[in-house]
Amino acid sequence: MYKVFIRNWWKKNPKWHNGLEPDPTARKTTLTWVNTEEEAREIAQEYNATHKPGILSRKAEYTKE
């Protein structure tokens, strides 16, 4: 099974260059679960193509669970 989720790549931190710090611990919001990596990739790509990432670079990803 593959978990497709969205999260922010950055968090605001005025002490960092450009005011943004990488956020590897960002909360992940689950979009769906699928059976194949191909399905997961397609869903993530579709989400990213239809949603603006904004300043915090909110994007869809997937992982094998």
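**Charge, burial and contacts in a predicted model**

Student: Where is D23 found?

Tutor: D23 is found in the loop between β3 (20–22) and β4 (29–34). The model is predicted: local features need pLDDT of at least 70 and side-chain atom pairs pLDDT 80 or more, while totals for chains, interfaces and linings use all residues. Residues are numbered from 1 along each chain as its sequence is written, and side-chain values use heavy atoms, without hydrogens or water.

Student: How do you know that D23 has no salt bridge?

Tutor: A salt bridge requires a side-chain nitrogen of Lys or Arg within 4 Å of a carboxyl oxygen of Asp or Glu. For D23, the nearest side chain of opposite charge is K11, 4.3 Å away.

Student: Which residues are in contact with D23, leaving aside neighbours within four places in sequence?

Tutor: R7, N8, W9, W10 and K11 are in contact with D23, where contact means heavy atoms within 4.5 Å.

Student: Why is E39 called partly exposed?

Tutor: Partly exposed is the class between buried and exposed, the latter being over 50%. The relative accessibility of E39 is 33%, so E39 belongs to that class. E39 is found in helix α1, residues 37–50; a helix here is a DSSP run of H or I with at least four residues, and a strand a run of E with at least two.

Student: What makes E38, E39, E42 and E46 a negative surface patch?

Tutor: Patch residues have over 30% relative accessible area and no salt bridge, and like charges are joined within 9 Å. Asp and Glu count as negative, so E38, E39, E42 and E46 form a negative patch.

Student: Why is K64 called exposed?

Tutor: K64 has 60% relative accessibility and therefore counts as exposed. K64 lies in strand β5, residues 58–64.

Student: Which residues does K64 touch, not counting those up to four places away in sequence?

Tutor: K64 touches M1 and Y2. K64 and Y2 are 62 residues apart in sequence, and their C-alpha atoms are 4.4 Å apart in space.

Definitions and conventions: Patch = residues over 30% accessible without salt bridge, like charges linked within 9 Å, V, L, I, M, F, W, Y side chains within 5 Å. Areas by Shrake-Rupley, 256 points an atom, 1.4 Å probe, with all protein chains shown as cover. Charge placed at Lys NZ, Arg CZ, Asp CG, Glu CD. Buried < 20%, exposed > 50% of the residue type's maximum accessible area, 1.4 Å probe, protein only.
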